[in-house]
Amino acid sequence: MSTEPILQASGLVKRYGPVTALNGVDFDLYPGEILAVIGDNGAGKSTLIKVLAGAVQPDEGEIRLDGEVVHFNSPLAARRLGIETVYQDLAMAPTLDIAANLFLGRELRRRGPLGALRMLDKPAMRRRASEALGELQIGVQSMKVAVEDLSGGQRQGVAVARAAAWGRRVVIMDEPTAALGVKETAQVVELIKRVRDRGLPVILISHDMPHVFELADRIHIMRLGRRAAVVTPKTHSMPEVVAIMTGATPAELAAMMKG
């Protein structure tokens, strides 16, 4: 693992009226790693991810990308710098086909009859979409299939392939296995590994502790709007991580370990 973070934040503060969602949060993501971000409801993990993805602007603090200070005033600004996010709702157009969704907002165009760049280059988009899904071993019959006709796991695969295709620096995945069956969840878990193996660092937000321990190189634990700890699956057990996340006492931790 590189000694320099690719994405780093320090002292992030975000207030919503009297509520402080982030209270001086530090964060670092290193090249080639899967970093899990976990925390109870209200711990601040969702706000942290929205700040890193450009969906929310912090009131205080600094974000650095490859050592350079950056300011994300929108998700588009983060995307332009190579940070892609796969949200829980996948943010796809269900009636459009796979290729159209992969290039949503980035459509390829070719010259029309009068020479202007007006017509969608559907063959090129379908060809490149097929290559993108093939690289991640995502099996679908045709790039012409509407997303609404895919299974839940296939839809998640298309969303991840889109993020991996356009994310030059970081991919953020928000609860990627939520609402999936056992078989499809296993497929998405392998897909996340393949994204990391391609060299893209992944930020994984998940409530599924077994998957966190299977996938994560490090675990960033949020509690009460702060970074409570950063641990690894090698140094801490699952009950110990849950104890840090919930603020359990030593006695409560011992009881969990016995259980």
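## The antiparallel sheet

Strands E1 (residues 7-16) and E4 (residues 60-65) run antiparallel and are joined by five bridges. Within this pairing, Ser10 stands opposite Glu62 in E4. Two strands are said to pair if DSSP finds at least two bridges between them. Helices (H or I, at least four residues) and strands (E, at least two) are DSSP runs, numbered from the N terminus.

E1 and E4 belong to an open sheet of four strands with the order E2-E1-E4-E5 and antiparallel pairing. Its edge strands, E2 (19-29) and E5 (68-70), each pair on one side only. From one strand to the next, the twist averages 30°. Helix H1 (residues 45-52) lies across E1, E2 and E4 and runs at about 60° to E2. Axes are lines fitted to C-alpha atoms, for helices over the stretch in contact, and angles run from 0 to 180 degrees between N-to-C directions.

## Basis of the model

This is a predicted model, in which local features need pLDDT of at least 70 and side-chain atom pairs count only at pLDDT 80 or more, while totals for chains, interfaces and linings use all residues. Residues are numbered from 1 along each chain as its sequence is written, and side-chain values use heavy atoms, with hydrogens and water left out.

Strand E9 (residues 170-174) is mostly covered, with five of its five residues buried. Buried means under 20% relative accessible area, exposed over 50%, and partly exposed in between (1.4 Å probe, protein chains only). Val170, Ile172 and Asp174 point one way from E9, and Val171 and Met173 point the other way.

E9 pairs in the parallel sense with strand E6 (residues 83-86) over four bridges. In that pairing, Glu84 has Val171 of E9 as its bridge partner. E9 also pairs in the parallel sense with strand E10 (residues 202-205), again over four bridges. There, Ile172 stands opposite Ile203 in E10.

## Helix H5

Helix H5 (residues 152-166) has 15 residues and reaches 22 Å from its first C-alpha to its last, close to the 21 Å expected at 1.5 Å a residue. The expected span is 1.5 Å times one less than the number of residues. Buried residues of H5 include Gly153, Gln156, Val158, Val160 and Arg162. What covers the buried residues of H5 includes E6, E9 and the helices H3 (98-102), H4 (122-135) and H6 (182-197). Contact means heavy atoms within 4.5 Å.

Ala159 is placed in helix H5 and counts as buried because its relative accessibility is 3%. The C-alpha atoms of Ala159 and Phe72 are separated by 22 Å, and the two residues are 87 residues apart along the chain.

A search of the whole structure finds one aromatic pair. Phe103 and Trp166 form this pair, which is edge-to-face, with 5.7 Å centre to centre and 85° between the planes. Phe103 lies in the loop between H3 and strand E7 (109-111) and Trp166 in helix H5, so the pair ties together parts that are 63 residues apart in sequence. Rings of Phe, Tyr and Trp (its six-membered ring) pair if their centres lie within 6.5 Å; planes under 30 degrees apart count as stacked, over 60 as edge-to-face and the rest as tilted. Phe103 counts as buried at 3% relative accessibility, whereas Trp166 is partly exposed, with a relative accessible area of 22%.

In E1, the charged end of Lys14 sits over the ring of Tyr16, 5.4 Å from its centre. A charge sits over a ring if NZ of Lys or CZ of Arg is within 6 Å of the ring centre and within 35 degrees of the ring normal.
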